[in-house]
Amino acid sequence: MANKDQTDTDRMEKIVSLCKRKGFIFQSAEIYGGLNGCWDYGSLGAEVKRNLKDLWWRKNVQERDDILGLDGSILTHQAVLTASGHVGGFSDPMCDCLLTKARLRADQIEPQSGIAYHFTGASHEESEWSVDRDYSVLLNQPNQDENKARKTAREFYAQFLTDKQIPAKKLTLLGESTSEEKEVTHYNPENGSLLTEPRDFELMFKTQMGASADDHDPNATAYLRPETAQSIFVQYKNVMDSNRVKLPFGIAQIGKAFRNEINPRNFTFRSREFEQMEIEYFCRPEDGLRLTDEWLEKRLSFYDEIGLQKEKLHVLDIPDGERAHYSQKTYDIEYDFPFGQQELEGVAYRGDYDLGKHKEHSGKPLEYFDEQTKERFIPHVVEPSAGCDRTILALICEAFYEEDLTKEGGKQDIRTVMRFKPAIAPIKAAILPLLKNKPELVEKAREVKNLLQPFMNVFYDETAAIGRRYRRQDEVGTPFCIAIDFETMGLEEGKEDLKDTVTIRHRDSMEQERVAISDLLPWLLERIY
Ligand code: GAP
């Protein structure tokens, strides 16, 4: 994508709608109006998520000798997050629209230029009501009707009317003046209204622990973890001692994290509850920068392997001054979502900051002792930190295709197909008897299903015409459809040699081939894992 901000709203709407219709992702508590920033994965979404996490775990833990797994608690001791700097420090600057009360991230407001209309108050002569309060509206388009600014200002002042029967348009505005504004960020881009001054908004969810905990007992405070990383740092010594590992080694974790995001948005992209897939890779200080580059390459090849196109992935080398103060190098891996180019993962060289802080706050020795050199030191750490839900969203966006298969002079025929890689696809194979009223076909199809089911997620469907069933499977991304037909039963004259074979229809090419039932399991296993 040439333009970082290029968006395709229409495509995104179709994806969100398919996710609900087919059971990939639903809004949490939808029947109660929805819980903002929280999402539930339906039957197909849960499969995709499991496939992604299994693959990540296999590649990063099971297939490596130098990385160990961890499954830490979500409830986190306040001392851990005080040491890490999250308590008191993990916040976003937030401001509110004075007109609509919408909450915005101050650092995400695009700078705007235009004419600002300032007012000192408003009055209503007949009721002798007035209010003294400064307010401004920015008109950011050339030749915009100045009455738009006055209308917005009247709506703002009408909030303070004691008599709510008085319409906003009857108010007289006071002290009008104008100024030219360049690249300012204190007006709401949606309606031009002035915003409040930015103030820090705590992003962590706090809770009270223990049956006797009263709401004001500071010792009972615990937090829902805002990242999985901290339990890795806190358990680093236990993992190291219990496994007798040597540097360099990593600890990997997949798990939930919680952030009270000011503006959850773009479907699951920015949620309040989400899953991370993080590795803390501990090393000698002199290896940190090199390993950061190596991890970046490894993570890019992982995305390639799961089916994200290389051209849609972008690496940002975060410049000095924009990185966290303890980081000497940070790469962001961004993806071209339909709502713009946005972050999937960060690969950061965090030095010895985290272990150093936990050593200082806990008073416990967290040094590593190198048997060979007899040195004792705090290891440095490289952190590839990926969002599981964001990766799933990227995979769904990548997979979504609409193909026009309309024949000349025929009815419009659009095929929706989710081109997931087989390893990611929620259903690996659909088993379809040609006709449901032929007991021998149904029985054979069930046999095939029983053969495959212990090894993969399969789906059995005998309803509707076979063409429609193929299309239904295309829409959820099933790579292989297995049809049990009369040839399978050896009932087609002249085609007796096809007995005990099935038709396999490929999702992407729609081509078909015949495979013997006895070869079916290895044939599929070779193609789906
Ligand atoms: N331990 C480092 C860390 O947590 P981060 O950049 O704040 O770094 C890492 O988060 C990844 O977690 C992000 O790249 C993103 O994929 C995911 N993530 C962060 N906040 C998220 C949110 N509100 N919703 C969904 N995913 C999020």
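Q: In which loop is E128 placed?
A: The model is predicted, so local features need pLDDT of at least 70, side-chain atom pairs count only at pLDDT 80 or more, and totals for chains, interfaces and linings use all residues. Residues are numbered from 1 along each chain as its sequence is written, and side-chain values use heavy atoms, with hydrogens and water left out. Helices (H or I, at least four residues) and strands (E, at least two) are DSSP runs numbered from the N terminus. On that numbering, the place of E128 is in the loop between β7 (112-124) and β8 (129-139).

Q: What is the phi of E128, and is E128 buried or exposed?
A: Most residues other than glycine have a negative phi. E128 is not a glycine, yet its phi is positive, at about 55 degrees. Buried means under 20% relative accessible area, exposed over 50%, and partly exposed in between (1.4 Å probe, protein chains only). Because its relative accessibility is 75%, E128 counts as exposed.

Q: Which loop holds K374, and what is its phi?
A: K374 is found in the loop between β19 and β20 (376-377), and its relative accessibility of 56% is why it counts as exposed. This residue other than glycine has a positive phi, near 65 degrees.

Q: Which residues come nearest to the ligand?
A: A residue is near a molecule if one of its heavy atoms lies within 4 Å of it. There are 19 residues around the ligand, and those that come nearest are E227, S271, E278, E343 and L344.

Q: How far is an oxygen atom of the ligand from a polar backbone atom of L344?
A: A polar contact is a pair of N or O atoms within 3.5 Å; within protein, one must be able to donate a hydrogen and the other to accept it, and residues adjacent in sequence count only if both atoms are side-chain atoms. A polar side-chain atom of R259 lies 2.8 Å from an oxygen atom of the ligand, while a nitrogen atom of the ligand is 2.8 Å from an N or O atom in the side chain of E261. For the polar backbone atom of L344, the separation from a ligand oxygen atom is 2.7 Å.

Q: What percentage of the ligand's exposed area does the protein bury?
A: Accessible areas come from the Shrake-Rupley method with a 1.4 Å probe, and for residues only the protein chains shown count as cover. Taken alone, the ligand exposes 560 Å², and the share of this that the protein buries is 87%.

Q: Which element gives the largest share of the shell around the ligand?
A: The elements that give two or more residues to this shell are β15 (273-283), β18 (340-351) and β21 (380-387). The largest share, five residues, comes from β18.

Q: How many charged residues does the shell around the ligand have?
A: Ala, Val, Leu, Ile, Met, Phe, Trp, Tyr, Cys and Pro count as nonpolar, Asp, Glu, Lys and Arg as charged, and the others, Gly among them, as polar. By these classes the shell has four nonpolar and five polar residues, and the number of charged ones is 10.

Q: Which element gives the most to the lining of the second largest pocket?
A: On a 1 Å grid over the protein atoms alone, a pocket is an open set of points where a 1.4 Å probe fits, with protein on both sides within 12 Å along at least five of seven lines, and lining residues have an atom within 4 Å of a point. About 350 Å³ of space lies in the second largest pocket, and of its 14 lining residues the closest to its centre are V245, K246, Y368, F369 and E371. Two or more lining residues come from each of α5 (229-243) and β19 (368-369). The element that gives the most, with three residues, is α5.

Q: How far apart are the C-alpha atoms of F400 and V476?
A: F400 is found in strand β22 (residues 400-404), and its relative accessible area of 4% is why it counts as buried. F400 and V476 are 76 residues apart along the chain, and their C-alpha atoms are separated by 9.6 Å.

How values were computed: Points joined across faces, edges and corners; volume = space filled by probe spheres on them.
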